[in-house]
Amino acid sequence: MSSLTIVPMHFRDACAFITAHHRHHRPPQGMKFALGVAAPDGVVGVAVVGRPVARLLDDGLTLEVTRTCTDGTRNANSKLYGAAWRAARALGYRRLISYTEAGESGAGLRAAGFVAVAELAPHHGWTRTGRPRRPQERAVARTRWEITRHPDRAADAEPRPEPVLDGPELRAA
């Protein structure tokens, strides 16, 4: 039995954890919700979930895990991804995406049921003609992962409406 427990997180606390523990990223700019995973001694990881960063994926039914960060505790990352998907589904979202950088295995994502769907070349920032942006510090290839609702799976199926009994069936009761 796992001693890890999912806990709610305030955005500022999740950002502080990310600042203290993440290898190469700063905290994200915003969120829809944040989760933590706690061991008996305290929080050992956080996940921040928000709107997709890529505007073409922001369809109103998709969320993105914009950051996960753990202190290295075994299974903490996969537990966070699984909880993020359950929370997103409960809120009515149909797809959850995330990214790994080249060289990262994606084991936590696979363990939570995510599937690799795209290999993306490195890009050097968002600067475009007529719209300068701060240059990106690191440009690395990435893999996009996703998990979606499957209508044929009972756990993900939309609730079926109750039958309406307004004819002879109702009178026979």
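Me: What order do the elements of the chain run in, from the N terminus on?
Reply: The order is β-α-β-β-β-α-β-α-β-β-α. That gives 4 helices and 7 strands. Helices (H or I, at least four residues) and strands (E, at least two) are DSSP runs, numbered from the N terminus.

Me: Ground rules for the model and the numbering?
Reply: This is a predicted model, where local features need pLDDT of at least 70, side-chain atom pairs count only at pLDDT 80 or more, and totals for chains, interfaces and linings use all residues. Residues are numbered from 1 along each chain as its sequence is written, and side-chain values use heavy atoms, with hydrogens and water left out.

Me: How much of the chain counts as buried?
Reply: 36% of the 173 residues. Buried means under 20% relative accessible area, exposed means over 50%, and partly exposed is in between (1.4 Å probe, protein chains only).

Me: Which residues of strand 5 point one way, and which the other?
Reply: Arg-95, Ile-97, Tyr-99 and Glu-101 point one way. Leu-96, Ser-98 and Thr-100 point the other way. All of these are buried.

Me: Why is strand 5 described as largely enclosed?
Reply: Because 7 of its 7 residues are buried, the rest of the structure largely encloses strand 5.

Me: Does strand 4 pair with strand 5 in the parallel or antiparallel sense?
Reply: Parallel, over 3 bridges. Two strands pair if DSSP finds at least two bridges between them. Thr-62 has Arg-95 of strand 5 as its bridge partner.

Me: How does strand 3 pair with strand 2?
Reply: In the antiparallel sense, over 7 bridges. Strand 2 is residues 33-39. The two strands form a hairpin with 2 residues between them. Leu-35 has Ala-47 in strand 3 as its bridge partner.

Me: And strand 3 with strand 4?
Reply: Antiparallel too, over 6 bridges, with strand 4 at residues 62-70. Gly-45 is partnered by Thr-70 in strand 4.

Me: Switching to charges. How many salt bridges are in the whole structure?
Reply: The search finds 2. A salt bridge is a side-chain nitrogen of Lys or Arg within 4 Å of a carboxyl oxygen of Asp or Glu.

Me: What does Arg-95 pair with?
Reply: Glu-146, at 3.1 Å, N to O. Arg-95 lies in strand 5 (residues 95-101) and Glu-146 in strand 7, so the pair ties together parts that are 51 residues apart in sequence.

Me: Are those two buried or exposed?
Reply: Arg-95 counts as buried, at 18% relative accessibility. Glu-146 is buried as well, with a relative accessible area of 18%.

Me: What about Arg-51?
Reply: Its side chain meets that of Asp-58 in a salt bridge, 2.5 Å from N to O. Arg-51 counts as exposed at 54% relative accessibility. Asp-58 is partly exposed, with 24% relative accessible area.

Me: Which residues form the positive surface patch?
Reply: Arg-55, Arg-128, Arg-131 and Arg-133. Patches take residues with over 30% relative accessible area and no salt bridge; like charges are joined within 9 Å, and nonpolar side chains (Val, Leu, Ile, Met, Phe, Trp, Tyr) within 5 Å.

Me: Where is Arg-128?
Reply: In the loop between strand 6 (115-120) and strand 7 (142-148). Arg-128 is partly exposed, at 44% relative accessible area.

Me: Last one. What is phi of Asn-75 near?
Reply: Near 70°, a positive value in a residue other than glycine. Most residues other than glycine have a negative phi. Asn-75 is in the loop between strand 4 and helix 2 (76-90).

How values were computed: Areas by Shrake-Rupley, 256 points an atom, 1.4 Å probe, with all protein chains shown as cover. Lys, Arg positive; Asp, Glu negative; His and termini not counted. Charge placed at Lys NZ, Arg CZ, Asp CG, Glu CD.
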